[in-house]
Amino acid sequence: MELRPCMAASAFAASCPGRGGGAAASPPHCQRQLPRPILKRSLAVGAISISISISGRGPVARRSRWSTLVTAAYNTGTADLVDFNWETLGFQPVPTDFMYVMRCSSDGEFIKGELVPYGPIELNPAAAVLNYGQGLLEGLRAHRKEDGSVLLFRPDENALRMKIGADRLCMPAPSVEQFIEAIKLVVLANKRWVPPTGKGSLYIRPLLIGSGAILGVAPAPQYTFLVFACPVGHYFKDGLSPISLLTEEEYHRAAPGGTGDIKTIGNYASVVNAHKRAKEKGHSDVLYLDPVHKKFVEEVSSCNIFMVKDNIISTPLLTGTILPGITRRSVIEYARSLGFQVEERLITIDELLDADEVFCTGTSVVLSSVGCIVYKGRKVEYGNQKFGAVSQQLYSALAAIQKGLVEDNMGWTVQLT
């Protein structure tokens, strides 16, 4: 076995921001004990009931015709909601209760996934993901409704995008059904960590990694699919305030023929340097241009970008170097349903600087208005540092669907109880 959860409580250390009122910006390091052996809870996923008991033998899964409720709380808080200072919630790791692990068999089929206590994992130092970056990630959110149920937003799209990325990296991938089941299990196992309505969301991070040991450049002999989750607030430190973007003039996020259009882990490592420099200059994120002509807008480090001019919405055409964001697609589809003209085309940096409104979209940022862009020392501001009319309309509509505040006429959400 190439990847195993480290079950010892002494090895279970993680950052714990916001617990008991701590500051979210600079999370203190603290030791969090594993759930006590007496814990027992049951979760419902459709007609499947998962019973989890923490003992020396680990989690046990069973099928049942009937759904059951959480039968016991542990540590602090209640069975429904953990004791947590939700007002300090930012966007950083918060250790929760359970994660999901599934490995592929020798024939490349993923089987026997299970929930295990959240904690560190072990990897062979020769694992393909550590040596050659053979890995993919996804991201989606779960929101708590007023009635206590939880909504997922388009998880099937994340599953399909992971399969496309896996094919590009010569990796087997879980089926769409396996992917969605794993997401449901993780959300319900950590349901008490889903923030109260209006206080944030549960961020879910699926990972597909080459966990098998290999020395030469080749596909790994074994793969692991892992899902963990943690409560989050706004991605940018200023919440919903318009963000500032610094146009990168030296580095590029992706190149034609590369992996810019899949969610491989290496895409994010390559933007850290420019992102750090932008932060040091007081900006929120980095705007990237195409690597060939260096004039066409591509995307931001963590999200896609849109512009509005004369009430026409435009976003960069997917040419193989831009990630096909699920929120991007949702905004395009919803805007068109409202009657907006939406164009997917090449956009020059000069056009962007002359736009009436600019906004970014992504799972992490949802829909963030851009207040200013800096390009070659020139600073262009939009909307007096306020949401533009179109941006506000789309954000409000999208957020309302994701949070279950309105009827989902698009058929995008999946409800868990």
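Trainee: Which residue forms a salt bridge with Glu 280?
Mentor: Lys 276 does, and the closest N and O atoms of the two are 2.6 Å apart. Keep in mind that this is a predicted model.

Trainee: Where do Glu 280 and Lys 276 lie?
Mentor: Both are in helix H5, which covers residues 272-280. They sit four residues apart, about one turn of the helix.

Trainee: Are Glu 280 and Lys 276 buried or exposed?
Mentor: Glu 280 is exposed, and Lys 276 is exposed as well.

Trainee: Why can side chains pair at all?
Mentor: Side chains of opposite charge can do so when their charged atoms come close.

Trainee: How many salt bridges does the structure hold?
Mentor: It holds 18. One of them joins Lys 199 and Glu 87, with the closest N and O atoms 2.4 Å apart.

Trainee: And where in the chain are Lys 199 and Glu 87?
Mentor: In distant parts of it, 112 residues apart. Lys 199 is in the loop between helix H3 (176-189) and strand E12 (201-210). Glu 87 is in the loop between strand E5 (48-53) and strand E6 (98-104).

Trainee: Why does Glu 87 count as exposed?
Mentor: Because its relative accessibility is 59%, and the cut-off for exposed is over 50%. Lys 199 has 34%, so it counts as partly exposed.

Trainee: What about Arg 328 and Glu 344?
Mentor: Their side chains meet in a salt bridge, 2.8 Å from N to O. Arg 328 belongs to helix H6 (residues 326-337) and Glu 344 to strand E19 (residues 341-345), so the pair ties together parts that are 16 residues apart in sequence. Arg 328 is buried at 4% relative accessibility, while Glu 344 is partly exposed at 32%.

Trainee: Which residues do shared partners join into one network?
Mentor: Arg 154, Glu 157, Arg 329 and Glu 333, through salt bridges.

Trainee: New topic. Where is Tyr 288 found?
Mentor: In strand E15, residues 285-289. Tyr 288 counts as buried because its relative accessibility is 1%.

Trainee: Which residues is Tyr 288 in contact with, leaving aside neighbours within four places in sequence?
Mentor: Among them are Tyr 251, His 252, Val 271, Phe 296 and Val 300. Separately, Leu 245 is 43 residues from Tyr 288 in sequence, and their C-alpha atoms are 9.7 Å apart.

Trainee: What does the secondary structure of the chain come to?
Mentor: Eight helices and 23 strands. The chain has 417 residues, and 53% of them count as buried.

Definitions and conventions:
Residues numbered from 1 in each chain as written. Predicted model: local features only at pLDDT ≥ 70, side-chain atom pairs only at ≥ 80, totals over all residues. Heavy atoms only, no water. Helix = DSSP H or I, 4+ residues; strand = E, 2+ residues; numbered from the N terminus. Buried < 20%, exposed > 50% of the residue type's maximum accessible area, 1.4 Å probe, protein only. Contact = heavy atoms within 4.5 Å. Salt bridge = Lys/Arg side-chain N within 4 Å of Asp/Glu carboxyl O.
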